[in-house]
Amino acid sequence: MNDTICAISTSLGVGAISIIRVSGEDAIKKVAGLFSGKDLTKVESHTIHYGHIINNNEIIDEVLVSVFKAPKTYTKEDIVEINSHGGIAPTKKVLEILLENGIRLARKGEFTKRAFLNGRLDLCEAESVNALLSSNTDLERKLALNGINGKVSRKIKKVRDIIVELMANIEVNIDFPEYEDALEITLENLPPRLKEIKKELENLLDEAKVGKLISEGIKVAIVGRPNVGKSSILNHLLQENKAIVTDIAGTTRDIVEGELELKGIRLKFIDTAGIRKTEDVVERIGVDKSLEMIKEADLVIHVLNNNEELTNEDKEIQEKIKGKTKITFINKSDLESKIAIKDDYITGNTMSDNGLDNLKNRIIELFDLEKLEQSNLEIVSSTRAINLIKEALKHIDNAINNISDEIPVDMIAIDIKAAWDALGEITGESYQDELLDTLFSKFCLGK
């Protein structure tokens, strides 16, 4: 943490400008020694200066250098950003010279890690930075910004404050029983307080379902027996020829994937191999993969053939998708109908888009996507945070159950403290070094 680091913060390639970021105690002094222009050690913070990067009396590049002095910087350290020309050669050469002059190459996410360790961001905000960098939709962008702005952290801290107040009251009762002004926490008056905490945690988890939907999207498996038009449906939805389409049953033997954005949510479509009994070893592998995809999918679209009667294979698939969120789509509606089913269904074909539009509208209804666009999105979305909230809820449930067993209050306090610690891991008020290494390794270099 005491050394000075550098990295290329923009994508390496041909472009107008590249930015090489330097952070640390010697950032300004080190860059000043390579810069011909104003003396960077004497300039005001948050200013930008024209000049050249010089090495061994050779002009390496014409640059603009931005100087940011601690503590009002991203890392709360001195930061210098060198704006060079965006070609690969000048960018790499400037970085090479910085490394030769004793500045270490930053690890993935190390700038943001320093921001966290120096108190500039909490861990929830830091995760949101990475979520913003990888956001694909406008809803993902809004969700990540609420995390960066601390709105999500404040909701976590609110619950922790309720828990810590209860913990403090219990501690006073145990350590200072003679202190009469403090409310005595007993097995009789503890349950309402724990149920209040439980309700807050459950609310966070209910909201998190929306956050997970936005950040991870909806995994949609298109299933059915061979030659019912699954691949054609995928191609028309994506408006590209992702899957091979022929009249030969069993053409699709592997998983074909594609993405579509609908109301700001990514739909991750998976066209599976036709499900049927087969002696073909390769096709059998594809069928097994299809069955596995059914288990993993958030939504299953079961495709049936309008001009054929319901087969035993169709009925077997219906059994396999029982209990899943599903849509039955009867394809080839332009042909004579021979099928009769009792399920709620949508009809359509790939010759016109009407049925496919109805299919999209049904997905919007099933997942209530219209409401997402109006929601405030101040919600937890990372899998790590959701799992920690579940862990905290488990400890509160244990505490409530222990009251029924008449366990002493000081023993119940152990579970209450564990819930508080679990929530603290979300914001980074309690953490392990291994967690930081794992979390920040998911960042790109230069951030």
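## Close-up views of helices, rings and loops

**View A. The crossing between helix 5 and helix 7 is left-handed.** Left-handed means that the near helix is turned anticlockwise from the far one by less than a right angle, and right-handed that it is turned clockwise. You are looking at a predicted model, in which local features need pLDDT of at least 70 and side-chain atom pairs count only at pLDDT 80 or more, while totals for chains, interfaces and linings use all residues. Residues are numbered from 1 along each chain as its sequence is written, and side-chain values use heavy atoms, leaving out hydrogens and water. Axes are lines fitted to C-alpha atoms over the stretch in contact, with angles from 0 to 180 degrees between N-to-C directions. Leu-139, Glu-140 and Leu-143 of helix 5 meet Gly-211, Ile-214 and Ser-215 of helix 7, where contact means heavy atoms within 4.5 Å.

**View B. Helix 4 and helix 15 run roughly parallel to each other.** The axes of helix 4 (residues 123-133) and helix 15 (residues 433-440) come within 11 Å and cross at roughly 20 degrees. Their crossing is left-handed. On the helix 4 side, Leu-123, Ala-126 and Glu-127 take part; they meet Leu-435, Leu-436, Leu-439 and Phe-440 of helix 15. Helices (H or I, at least four residues) and strands (E, at least two) are DSSP runs, numbered from the N terminus.

**View C. Phe-440 and Phe-443 are the partners to look for here.** The model holds one aromatic pair. Phe-440 and Phe-443 form this tilted pair, at 5.3 Å centre to centre with 40 degrees between the planes. Rings of Phe, Tyr and Trp (its six-membered ring) pair if their centres lie within 6.5 Å; planes under 30 degrees apart are stacked, over 60 edge-to-face, and the rest tilted. Phe-440 is buried at 1% relative accessibility, and Phe-443 is buried at 2% (buried is under 20% relative accessible area, exposed over 50%, partly exposed in between, with a 1.4 Å probe and protein chains only). Now find Asn-130 in helix 4, a buried residue at 18%. Beyond its neighbours within four places in sequence, Asn-130 is in contact with Lys-442 and Phe-443.

**View D. Two arginines, Arg-21 and Arg-160, sit over aromatic rings.** Arg-21 lies over the face of Phe-111, 5.3 Å from the ring centre. Arg-160 places its charged end over the ring of Trp-420, 4.0 Å from the centre. The rule asks for NZ of Lys or CZ of Arg within 6 Å of the ring centre and within 35 degrees of the ring normal.

**View E. His-46 and Lys-332 both have a positive phi without being glycines.** His-46 has a phi of about 60 degrees and belongs to the loop between strand 3 (35-36) and strand 4 (47-55). His-46 is partly exposed, at 46%. For Lys-332, phi is about 65 degrees, and its place is the loop between strand 12 (326-331) and strand 13 (345-347). Lys-332 is also partly exposed, at 23%.

**View F. A cis peptide bond links Ala-70 to Pro-71.** Its omega is near 5 degrees. To find Pro-71, follow the loop between strand 5 (58-68) and strand 6 (79-85).

How values were computed:
Parallel < 35°, antiparallel > 145°, perpendicular 65-115°, else oblique.
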